[in-house]
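Please keep the sequence and the 3D view at hand while reading.

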Amino acid sequence: MERRGPAPGAPAGGRTGGLGGGAGRTVGLVIALALLCVVGVVTAGERFASVDNLLTILRLAAVIGVLSIGMTFVVTGGGIDLSVGSVLGLASVWATTLATQTMAEDTHWLLMVSTALLVGTACGVVNGVLIAYGRVVAFIATLAMMVAARGLAEIIANRRTQIVRVESFKDAFQGNVLGVPVLVWLFALVAAAGWVVLNRTTFGRRTVAVGGNPEAARLAGIKVKRHTAYLYALSGLTAGIAAVMMLARTTAGASTNGQFYELDAIAAVVIGGTLLAGGRGSILGTVFGVLIFSTLTNVFTQNNLSISAQSVAKGAIIVAAVLLQQRFAARSRGA
């Protein structure tokens, strides 16, 4: 079976991780991030280099980062998910309805968390079933979910912002552990879990195989349809986790939460070295991609530059990353 995973006898991580064949890409990302930090220090001085600002960068990267971990699995498996931002918004709204918060106050704040996770996973399952078993093109299926989830969120919230009133929920997620915000720890845990799953488990190897050559994977005994459905369910689950983090950061559920976040997640995944065609993915690269965009935004903010200029810079970085991917792919075929 031909695939872009590790060769026989090689470590399970192979080319899907931040090591081995991906070492050069990871080093490039580290250098890019370091250069951005140098620019930040030179242009903004202590305002950028302070510990508080570093924690701000990490806190802002956390929500997009969790979405991007789920997106990495989907793209590595040869798919795309345009709905994660809207699913985040729907999960945040559903978890903050009056009924949900009242029950959470009477029982435990975990009810709000469970609601968000269930809503996110359910949306992911719908996407997966439509794509894997309904044979709907992933772009169309997730685009439909993006529109429907945003509309449902607006209906439930009646286009209003729902404030989080459960104090125990805010206490649990707005604090610090060892001086680092809980949201950053959550991002780190999700990233670590994602790395282990993609690089050290059968599920990860199957994801690479399905993305590299679905027909060969099917002939090798992998249930491609079921695995594809699992990937979208996983993406929905990470959207639910991101919704919980968004609620902790903003203390409000709104249908506008997560708007355009799917684009940022896809951009971070591409920057991190995951092939849009599938068959190769890097969780470590995705983490660095998220940090690069978060740092870039912070540098622009520190220097009072416009959002339009930020968008132009991000677009240039995405185009450069895709061109580099194509160059590496052509070189690999030539080899």
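A search of the whole structure finds four salt bridges, a salt bridge being a side-chain nitrogen of Lys or Arg within 4 Å of a carboxyl oxygen of Asp or Glu. The structure is a predicted model, in which local features need pLDDT of at least 70 and side-chain atom pairs count only at pLDDT 80 or more, while totals for chains, interfaces and linings use all residues. Residues are numbered from 1 along each chain as its sequence is written, and side-chain values use heavy atoms, with hydrogens and water left out.

**Salt bridges**

Side chains of opposite charge can pair when their charged atoms come close.

| Glutamate 105 | Arginine 165 | 3.4 Å |

Helices (H or I, at least four residues) and strands (E, at least two) are here DSSP runs, numbered from the N terminus. Glutamate 105 is partly exposed at 40% relative accessibility, and arginine 165 is partly exposed as well, with a relative accessible area of 35%; buried means under 20% relative accessible area, exposed over 50%, and partly exposed in between (1.4 Å probe, protein chains only).

Glutamate 167 and lysine 170 are three residues apart in helix 8, and are therefore separated by about one helical turn. Lysine 170 is buried, with a relative accessible area of 15%, while glutamate 167 is partly exposed at 48%. In the remaining pair of the table, glutamate 154 is partly exposed, with a relative accessible area of 25%, and arginine 159 counts as exposed at 65% relative accessibility.

**The chain as a whole**

The chain has 15 helices and four strands, and of its 335 residues 49% count as buried. Residues 24 or more positions apart account for 78% of the contacts in the chain with a separation of 6 or more, where contact means heavy atoms within 4.5 Å. The chain exposes about 15200 Å², of which carbon and sulfur atoms supply 67%; accessible areas come from the Shrake-Rupley method with a 1.4 Å probe, and for residues only the protein chains shown count as cover.

Phenylalanine 73 is found in helix 3 (residues 51–76) and is buried, with a relative accessible area of 2%. Leaving aside residues up to four places away in sequence, phenylalanine 73 touches Gly194, Val197, Leu198, Phe203, Thr207, Leu231, Leu234 and Ile283. The C-alpha atoms of phenylalanine 73 and tyrosine 232 are separated by 8.5 Å, although the two residues are 159 residues apart along the chain.

In helix 10 (residues 202–212), the residues Gly204, Thr207, Val208, Ala209, Val210 and Gly211 are buried. The buried residues of helix 10 pack against helix 3, helix 9 (182–200), helix 11 (214–219) and helix 12 (224–250).

Helix 12 also holds tyrosine 230, which is partly exposed, with a relative accessible area of 45%.

**A surface patch and the cysteines**

Val137, Phe139, Ile140, Leu143 and Val147 form a nonpolar patch on the surface, with about 450 Å² of accessible area together. Such patches are made of residues with over 30% relative accessible area and no salt bridge, like charges being joined within 9 Å and nonpolar side chains (Val, Leu, Ile, Met, Phe, Trp, Tyr) within 5 Å. Valine 147 has its place in helix 7 (residues 138–157) and counts as exposed at 56% relative accessibility.

The structure holds zero disulfides, a disulfide being a pair of cysteine sulfur atoms within 2.5 Å. Cysteine 123 is buried, with a relative accessible area of 9%, whereas cysteine 37 is partly exposed at 30%.

**Confidence in the model**

The chain averages a pLDDT of 86, and 89% of the residues score at least 70, pLDDT being the predictor's confidence in each residue, from 0 to 100. Among the elements of the chain, helix 6 (residues 110–132) has the highest mean pLDDT (96) and helix 15 (residues 307–334) the lowest (70). Over residues 1–21 pLDDT stays under 50, and the model has 45 contacts beyond four places in sequence for them. Where pLDDT is low, the predicted coordinates should not be read in detail.
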